[in-house]
Amino acid sequence: MEIKGIDVSAWQGNIDWKAVADYGMDFVLMRITEAGNVTDSKFERNFEACNKYGIPVGVYKYSYAMNVAEVQSEARKVVSVLNGRKIQFPVFLDLEWNNQRALGAENIHKLAEAFAEIVTAAGYKFGIYCNVDWYNTVICSHLKKYDFWIARYPANDNGWLQERLRPDFGVGWQYSSKATIPGISGHVDRNVFYKNYADETEKEEGTGMTKAEAIQAVIGIAEEEIGYLEKRSNSNLDSKTANAGSNNYTKYWRDTYPQYQGQPWCADFISWCFMKAFGLENAKKLLKHWPYVYCPTLGSLFTKYANPQVGDIVIFYRNGTFAHTGIVTKVSGDRFWTIEGNTSGASGIIENGGGVCAKSYYNSQLPGTKFCRPDYSIVAGKNISTEKPTESATGGNYMFETQTVKTGSTGLSVLLLQEILKARGFKGKDGKELELDRSAGTNTIYALTQYQKSRKGVLEADGICGPATWKDLIAL
């Protein structure tokens, strides 16, 4: 496991934390006090924003202590500023001041233990930050029982992770001091950690299943399906390979929304995996609608992140729209791995490929592709019931009921209609692009009528989006 984060201080100024959160951030380690043992001037602002956007937090204290009394004062100040507030990652004691180096390993040991005693008594985890040289030559063996966050980056640091420099010790690695990300002006430190303290916090608080375990539950379901081939008919739906054909018949539609049997099924495969892992009602909440049929719809319901995390739903961008989907199972640097339904083992994005496959991509080579992040805390700690839904339980294809749309209609159903029509390339009068304004005005109804006309023999071109048109729109 590898999670990515940043560490910040007042040097980063006023950070646009929404942009940072949208970019994708597993954790933030922030300086809590600075020289003079005073609170970092941006700490409270940064702490509040990370809580607002759900980013796990840890703190670090750059130590200037030269004796036990001074380091105890530093520790008490940290505890005082935190004031009992919850953080997910440790309080890291930053040991790198050159004046301290002259104290020798034994005195450094005493400083660290004195600091640890105070912060752990206050209920916080403790760790040590230092560079590789300090770890090898200054830190004594007695301190190496603690978790270490290790700094190591090249002289020609350009913000990118240099694999050749990865330390073989420590729970985290600060690999750059010159990275750039959306939301932060100038440079920022980047880190990878191999231990997710946020998950441990959930365990300690007795919440049962953690978010990480929930993610692995749905990935485990998907992994079991690798090798499944769509069928030529409704026969042998439960067999992975029998009756293989190209007519889109699958057990996934049968179990989630049988009315759509025979339709493309990459998105419904994800619906099925979530339902099997967590039950129907939880799957509806996690996906925010039911079943997941159409990639642009998912993109409109979720924040679309630029960078993947394990457990994300990827929506692949092709030919001007989101056209295919899968579950992210692993991330390493720029590369991410997926399990996808209705694809093939060939390289690249393959929609309507007819099988369940594990694949991988380089994110930088997929302009426009985005990542939707279900809120797995919905199921963390629950006793999950994975009952198979009855047909009546799947009677609605959205958590909200799609309403008939006609001239003058407003609301979420109109927005969904506008999104689908726009993604299909249908425009208003005089070629005007549709506005996603939730109001069925002249241009929306014109585009709807043009769509209905394009489905000659299937739909009546009456400018009304009723049950038949909804079914046709979503199925296609």
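Predicted model: local features only at pLDDT ≥ 70, side-chain atom pairs only at ≥ 80, totals over all residues.
Asp-472 sits in helix α15, while Arg-455 is in the loop between α14 and α15, so the two residues, 17 apart, link distant parts of the chain. Arg-455 itself is partly exposed, at 23% relative accessible area.

Now, how many salt bridges are there in the whole structure? The search finds 17. As a general point, side chains of opposite charge can pair when their charged atoms come close.

Let me show you another pair. Asp-133 and Arg-101 form a salt bridge, with their closest N and O atoms 2.6 Å apart. Asp-133 belongs to helix α6 and Arg-101 to helix α4, so this contact ties together parts that are 32 residues apart in sequence. Buried or exposed? Both residues fall in between: Asp-133 is partly exposed at 36%, and Arg-101 is partly exposed at 31%.

Next come Lys-145 and Glu-113, whose side chains meet in a salt bridge at 3.6 Å, N to O. Lys-145 is in the loop between α6 and β7, and Glu-113 is in helix α5, so here too parts 32 residues apart in sequence are tied together. Lys-145 counts as exposed, with 59% relative accessibility, whereas Glu-113 is partly exposed at 24%.

Finally, have a look at Glu-2, Glu-163 and Arg-166, which are linked in a network of salt bridges.

Notes: Residues numbered from 1 in each chain as written. Heavy atoms only, no water. Salt bridge = Lys/Arg side-chain N within 4 Å of Asp/Glu carboxyl O. Helix = DSSP H or I, 4+ residues; strand = E, 2+ residues; numbered from the N terminus. Buried < 20%, exposed > 50% of the residue type's maximum accessible area, 1.4 Å probe, protein only.
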